[in-house]
Amino acid sequence: MDINKDLVAASATPLVLAILNEGENYGYAIQKRVNDLSGGELEWADGMLYPLLHRLERNGYIESSWGKSETGRRRKYYKLNDQGRKEITNQKRQWQVVESALRGIRLAAVDLAPQKI
Amino acid sequence: MKTNQKLEDHIGEWRSYMKKRRTLHSTDVEELEDHLQSQSQALLESGLDEDEAFLVAVKRLGDIDSLTREFASEYSDRIWKQLVLSKDEGEEALVDWRDASMAVGMAVAAAAAIKLPELFGIPIDGSESDAFFYARNSSFFVLPFLAAYFLWKRGLGWIDCLRLAVPFLAGAIIMNLFPFKMESHTGLLAMLHLPIALWLAVGFAYSSALWRSHEQRMNYIRFTGEWFIYYVLIGLGGGVLMGFTIFIFEAIGLDAEHIVQAWIMPCGVVGAVIISGWLVEAKKNIIENMAPVLTKLFTPLFTVLLIVFLAIMIWTESVIDVKREVLIGFDLLLVLVLGLLLYSISARNPEAPPGIFDVLQFLLVFCALLVDLFALWAIGTRISEFGFSPNKVAALGENLVLLVNLGWSCVIYAGFLMRRRSFTSLERWQTGYAPVYFIWAWIVVLIFPVVFNYQ
């Protein structure tokens, strides 16, 4: 299944924020987590994650710090802050609205289906 | 963990390629590299070999152009080349602080130098003889410090320092021991020519004593153009600063005019010389040179001006009215045309074939020559009637020095347009001619006063 590009882009922010809500993390691991969660269906070019992370940091939802990887390489870690947690709730509400609207129309379609035959 | 040399090499190449992109800072590249490393490591463990792992990891990272575009839209400020004066986290500082403090130190030293004579009873806003003292010695308040800055920056040895000291000492002796009277013509001419002579001497330090090299001379020409533009800009800012200083203190009933005239103005005028020099050096590989841009803008306009002027002059059969100012005015016109020529040469790719701009440039030089020949002819007839004076000889000499340069440039340019000569020969001619200005300036400073008996 090919998921629409706009949808992938729109879901990226809540996904990344939700993953960081689980704890401090870095780019590659976030990417892997997205892959695992979506069963590999949600795919974007790996590199694009970074401009997004930087944007979230600039918007004040997450904070970054430099640490070390297991092999001693410098690695940039990201952490959610209070404003980011608020943003998650906000995003969740938005998605719930979209979801319930979609569910409503699906139910209506099921109701209408027999009359059409 | 075993090292994967091949993979490391690939990543090293990738890193240096990424670092060339202006919108990516080194920390961004480092972060992406960490991703690439982790990804390739995971792929290696799943059984790919090093080449394959690297290729797949890079592919997954995505198209580099769209990635840099994404970064660029995230950091729009990075598209504008910045002369960064503050060091951001992880970003290579474009300004070396040792260099900056040396420049500021020299600027302060120059400011101190211009205030020093006041301790010996020669105030800068004093009598006419005090003003004459400052005018005679104006070069020495600032150019030695600019020279010292470049001597330090280029790491030149004592012998080169001593060699450079010779013209400065010679100038100081001439200006202070020759019996110039106030308002003497030869004295005034020496005052005007000494800064040129010494500026060219500073080129010795700028070029790390490699003043014979054509490339180094061209670099000094580029430096001079940019320096001038920066100096004018800083001067405009300084004017605003002084204007507001006077204005706000006036508002509370205090007169700041004296402070401005005796302190801010003289210190600023000399300090800005060094600061501009330092800024031009610091920005030269970050920001596009301004002089060639102005040249591109004004070459067509001046060409039109001169063609119209020539046409009207010939049409109305006018003769140039010879006054002293006319002589100087036409000298300046030649200097300007030479400047336009020099700075378009300085930015041009010598290998490019002749284009429409070259035709314009050639026309400009040719018209300037014609206009100047008309002027010289008029002057010549006047001189044969009224004889020589230091001013006339100086202006005439300058005219000839420039005329020879532009005349031969015209010949070379024509050859280039007809594809008989290379553009490099024009560049060589210009850089090779530079010592002529130096020698002429010294003739006016050193020989004129003696020959014309300090008139």
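The contact between the two chains takes 16 residues from chain A and 18 residues from chain B, two residues being in contact if their C-beta atoms, placed from the backbone, lie within 7 Å. The structure is a predicted model, in which local features need pLDDT of at least 70 and side-chain atom pairs count only at pLDDT 80 or more, while totals for chains, interfaces and linings use all residues. Residues are numbered from 1 along each chain as its sequence is written, and chains are lettered from A and ligands numbered from 1 in the order in which they are written. On the side of chain B that touches chain A, two or more residues come from each of helix 2 (26-45), helix 3 (50-61) and helix 4 (64-74) of chain B; helices (H or I, at least four residues) and strands (E, at least two) are DSSP runs, numbered from the N terminus. Helix 2 of chain B gives the most to this side, with 9 residues. By residue class, the side of chain B that touches chain A holds 8 charged, 5 polar and 5 nonpolar residues. Here Ala, Val, Leu, Ile, Met, Phe, Trp, Tyr, Cys and Pro count as nonpolar, Asp, Glu, Lys and Arg as charged, and the others, Gly among them, as polar.

Two packed helices are described by the angle between their axes and the distance between the axes. For helix 2 of chain B and helix 3 of chain B, the axes come within 8 Å and cross at roughly 130°. Axes are lines fitted to C-alpha atoms, for helices over the stretch in contact, and angles run from 0 to 180 degrees between N-to-C directions. Helix 2 of chain B and helix 3 of chain B are therefore oblique to each other, given that angles under 35 degrees count as roughly parallel, over 145 as roughly antiparallel, 65 to 115 as roughly perpendicular and the rest as oblique. The crossing of helix 2 of chain B with helix 3 of chain B is right-handed; a crossing is left-handed if the near helix is turned anticlockwise from the far one by less than a right angle, and right-handed if clockwise. Helix 2 of chain B contributes L32(B), H35(B), L36(B), Q39(B), S40(B), L43(B) and L44(B), which meet E50(B), A53(B), F54(B), V56(B), A57(B), V58(B), R60(B) and L61(B) in helix 3 of chain B. The residues of this contact comprise 10 nonpolar, 3 polar and 2 charged.

In chain A, the axes of helix 2 (residues 27-38) and helix 3 (residues 49-58) come within 11 Å and cross at roughly 110°. Helix 2 of chain A is thus roughly perpendicular to helix 3 of chain A. The contact brings G27(A), I30(A) and Q31(A) of helix 2 to L49(A), Y50(A) and L53(A) of helix 3, and its residues divide into 4 nonpolar, 2 polar and no charged.

Chain A also contains an open sheet of 3 strands in the order 1-3-2, with antiparallel pairing; two strands pair if DSSP finds at least two bridges between them. Strand 1 (25-26) and strand 2 (62-68) of chain A are the edge strands, each pairing on one side only. Strand 1 of chain A is joined to strand 3 (residues 74-80) of chain A by 2 bridges, and N25(A) has Y78(A) as its bridge partner in strand 3. Strand 2 of chain A pairs with strand 3 of chain A over 7 bridges, with K79(A) in strand 3 as the bridge partner of E63(A). The hairpin of strand 2 and strand 3 of chain A has 5 residues between the strands, and in this hairpin G72(A) takes a positive phi near 95°.

Elsewhere in chain B, R136(B) lies in helix 6 (residues 128-137). R136(B) is buried, with 22 other C-beta atoms within 10 Å; a residue is buried if 20 or more other C-beta atoms lie within 10 Å of its own, exposed if 12 or fewer, and partly exposed in between, with C-beta atoms placed from the backbone. Not counting residues up to four places away in sequence, R136(B) touches M175(B), N176(B) and M191(B). R419(B) lies in the loop between helix 15 (390-417) and helix 16 (423-451) of chain B, is exposed, with 9 other C-beta atoms within 10 Å, and has a positive phi near 60°.
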